[in-house]
Amino acid sequence: MRRLMEVLLVLPLIMLVSLMLAMAPALAMGTYTGSDNGKAIAVKSGETFTVKLDENPTTGYSWNMTVGDGLKIINDRYVANNTGLVGSGGYHIWTIQATKPGTYKVAGVYKRPWEPLTGGEQKYSLSVSVTAAGAGPTVPINMKFQVPSMADLTPKFSFNFSSMMSHFPKLIG
């Protein structure tokens, strides 16, 4: 029983560390979409990440994307949807590289370039924390971990004798 308890205590810790190590590279080099608007991310200097947002330039609207000093847009392209329909739109992809440690903003405004800002435009932002290249694995800034209590780790056994006996034929009349 003591050995079982040790395994039940250590196993979640091993799983948590494995999960953190497995997630770190994916998060650093991940793709961030409209659902990530306003979030904070962490990357190492030299790493890249991608921002992918819906766009339909056939309507005149496009994203005007800017990045802070410690970030560099290394690829910027529009990809049309493969529907075969004219004017169906698509998405815009920016590949961004972290160039120096610090905290920077990725900011975008979706508007017609020839129209003035009104304040009602769709906006997108990411706060990017860049650490030195030799720093340990990165994890999301706002990630929270909950350590299970002893009650959560204790195996729970129940035994219903009458239910078990109902599966056997009655021997006594």
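## Burial and overall make-up

A residue counts as buried when its relative accessible area is under 20%, as exposed when that area is over 50%, and as partly exposed in between, with a 1.4 Å probe and protein chains only. This is a predicted model, in which local features need pLDDT of at least 70 and side-chain atom pairs count only at pLDDT 80 or more, whereas totals for chains, interfaces and linings use all residues. Residues are numbered from 1 along each chain as its sequence is written, and side-chain values use heavy atoms, with hydrogens and water left out.

The protein chain has 173 residues, of which 27% are buried, and its accessible surface (Shrake-Rupley method, 1.4 Å probe, with only the protein chains shown counting as cover for residues) is about 11700 Å², with 61% of this belonging to carbon and sulfur atoms. Three helices and eight strands are present, where helices (H or I, at least four residues) and strands (E, at least two) are DSSP runs numbered from the N terminus; along the sequence they follow the pattern α-β-β-β-β-β-β-β-β-α-α. Of the contacts (heavy atoms within 4.5 Å) between residues at least 6 apart in sequence, 68% join residues at least 24 apart.

## The open sheet

Four strands, in the order E2-E8-E7-E4, form an open sheet with mixed pairing, two strands being paired if DSSP finds at least two bridges between them. Strand E2 (40-44) and E4 stand at the edges with a single partner strand each, so one side of each is left without a neighbour in the sheet. From one strand to the next the twist averages 25°, taken between axes that are lines fitted to C-alpha atoms, with angles from 0 to 180 degrees between N-to-C directions.

Strands E2 and E8 (residues 122-131) run parallel and are joined by five bridges, and Val-43 stands opposite Val-130 in E8.

## Aromatic rings

Rings of Phe, Tyr and Trp (its six-membered ring) pair if their centres lie within 6.5 Å, and the planes count as stacked under 30 degrees apart, as edge-to-face over 60 and as tilted otherwise; the count comes to three aromatic pairs. One of them is the tilted pair of Trp-63 and Tyr-110, with 5.1 Å centre to centre and 40° between the planes. This pair links distant parts of the chain, since Trp-63 lies in strand E4 (residues 62-67) and Tyr-110, 47 residues apart from it, in strand E7 (residues 102-111). Both Trp-63 and Tyr-110 are buried, and together with Tyr-61 they form one aromatic cluster.

Elsewhere, Lys-52 lies over the face of Tyr-91, at 4.1 Å from the ring centre, under the rule that NZ of Lys or CZ of Arg is within 6 Å of the ring centre and within 35 degrees of the ring normal.
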